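User: I have a structure open and would like to go through some of its side chains. Can you help me read it?
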Amino acid sequence: MIAARVSRDGVELHEVSRFPNEPVLAGGTLHWDILRLYANVVDGLKAASAAFPLAGAGIDSWGCDYGLLDGSGALIGNPVHYRDRRTNGISVPVPASELYATTGIQFLPFNTIYQVAAASGTPALSAARTLLLIPDLLAYWLTGAAGAEVTNASTTALLDVASRTWATGLMERAGIRPGLFPALRQPGDVIGPVRDASSGEGGGIARADGEELPLIAVGSHDTASAVVAVPAEEENFAYISSGTWSLVGMELDRPVVTEASRAANFTNEAGVDGTVRYLRNVSGLWLLQECLRHWGQAAGTLAALLAQAARLPPLRFVVDADDPVFLPPGDMPGRIQGWLGERGRPAPASRPEIVRCVLDSLALAYRRALTDARELSGRQVDVVHVVGGGSRNELLCQLTADATGLPVLAGPAEATALGNVLVQGRALGSAPGSLREIRALLRACVEPRHFSPAGNTRAWATAARF
């Protein structure tokens with residue numbers, strides 16, 4: 001929960017609260033604890049309104065996952081987590097080439113289209129009257145207004161990439177009821193006043209002037225908000241939104257839906273102001289996070305592990321970070337060692353070696369993604385902007401510069417929050433109007449760290465062909 005003061009002179013961020021988002025395994029299914037998340041959102045809004053003169057609020061989250069509402073508007077069960085195994089082997093009766101030509105979305109087994117297909121015939125889906133993606137579900141509980149913000153809707157593989165409308169014909173062919181999907185919203189639209197949480201114990205939520213607090217649609221897919229906050233000055237930039245996932249790509253003005261793009265597994269997600277987020281999903285720091293979780297306190301601090309990993313020679317151990325074997329939670333160090341052992345390659349033994357293996361492998365995945373993005377889009381890339389929490393990982397940023405042979409500018413770490421509040425500020429008249437002006441404003445108050453390639457790109461080019 002971030003509060004921000006936005007003006008045409010700059011942006012100030014204040015962390016109001018932070019809460020865990022831990023999935024729950026129940027009855028063999030991995031769920032999001034959505035009611036606990038909503039309670040934390042409400043508590044955070046109350047704390048923010050007590051400490052700051054709020055003018056608006058906006059919600060962003062991850063994509064693909066959803067909640068189902070019945071005819072009365074009540075939630076039917078906890079939303080299922082995208083890392084649940086229910087979509088393994090699920091397909092839809094639409095050719096992959098046609099699906100891509102319509103939606104422009106890369107194949108991922110947890111895309112909403114496959115989640116809904118996996119739920120076909122279940123009592124929950126049969127009883128459902130509305131499907132709401134996670135930020136839209138939270139917004140519905142806060143305001144009573146149902147809708148679907150377009151940047152997150154685009155991740156479903158159910159949105160027409162050209163018209164940015166629901167692909168109802170495709171839905172029908174896939175056996176999915178179009179009536180489940182509410183009207184679309186655009187970033188900057190006012191969803192409605194926050195009402196559900198404005199009474200009860202703990203005080204209400206209102207603007208500083210006592211009027212109702214508006215909930216504003218932002219780029220509700222977290223990457224859409226993060227890309228708004230890329231402080232790029234030039235047009236020929238690439239970005240890596242680095243967190244649990246790494247979203248590696250470019251900002252385009254039109255989608256690329258060629259067969260070559262589909263084969264390369266690139267996605268065309270909707271961005272703010274009609275832009276296209278042309279990118280590939282890379283596993284990201286999930287691999288490192290799961291290693292740390294598995295090791296527990298015995299591993300020591302992340303800073304110490306990174307310092308030890310930085311002293312090791314590069315590219316001794318490399319895995320395919322995007323192999324599906326690394327997708328579920330579990331013994332990630334063992335999976336990394338097993339992946340290499342199955343291929344007759346030496347495997348890392350110590351924790352620093354495993355950390356270095358993860359980071360080298362991620363940098364190689366970034367290299368491959370950016371090389372493909374340039375070739376498929378026909379666009380040049382002069383600089384790579386790394387934003388999000390991963391921009392704090394200096395070793396990964398340096399390895400990214402080495403692997404790509406391009407300068408890397410790292411930061412801001414809170415890009416998603418910045419993009420969120422700047423779209424709100426624009427809707428409220430306190431921020432500039434265009435993305436170019438918004439980014440100029442960011443450059444005036446954010447100073448990214450610069451990483452230059454070390455000059456060993458040939459070794460990375462060789463390793464990328466494993």
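User: Is Glu269 buried or exposed?
Analyst: Glu269 is buried, because its relative accessible area is 7%. Buried means under 20% relative accessible area, exposed means over 50%, and partly exposed lies in between, using a 1.4 Å probe and protein chains only. This is a predicted model, where local features need pLDDT of at least 70 and side-chain atom pairs count only at pLDDT 80 or more, while totals for chains, interfaces and linings use all residues. Residues are numbered from 1 along each chain as its sequence is written, and side-chain values use heavy atoms, leaving out hydrogens and water.

User: What does Glu269 meet in a salt bridge?
Analyst: The side chain of Arg277, at 2.6 Å from N to O. A salt bridge is a side-chain nitrogen of Lys or Arg within 4 Å of a carboxyl oxygen of Asp or Glu. Arg277 counts as buried, because its relative accessibility is 2%.

User: Why can side chains pair like that?
Analyst: Side chains of opposite charge can pair when their charged atoms come close.

User: How many salt bridges are there?
Analyst: The count comes to 19 salt bridges by this rule. One of them joins Arg439 and Glu251, with the closest N and O atoms 2.8 Å apart. That pair links distant parts of the chain: Arg439 is in helix α16 (residues 435-445) and Glu251 is in strand β12 (residues 246-252), 188 residues apart. Both Arg439 and Glu251 are buried.

User: How are helices and strands defined?
Analyst: They are DSSP runs numbered from the N terminus: helices are H or I with at least four residues, and strands are E with at least two.

User: And which residue does Asp273 meet in a salt bridge?
Analyst: Arg426, with 2.8 Å from N to O. Arg426 counts as buried, because its relative accessibility is 19%. Asp273 is partly exposed, with a relative accessible area of 44%.

User: New topic. How far apart are the end C-alpha atoms of α13?
Analyst: They are 39 Å apart, which agrees with the span that the 27 residues of helix α13 (residues 351-377) should have at 1.5 Å a residue. The expected span is 1.5 Å times one less than the number of residues.

User: How many residues of α13 are buried?
Analyst: 20 of its 27 residues are buried, so α13 is mostly covered. Gly378 follows α13, and its phi is positive, near 75°.

User: Last one: where is Arg86?
Analyst: Arg86 is in the loop between β5 (66-69) and α2 (96-103). Arg86 is partly exposed, with a relative accessible area of 24%.
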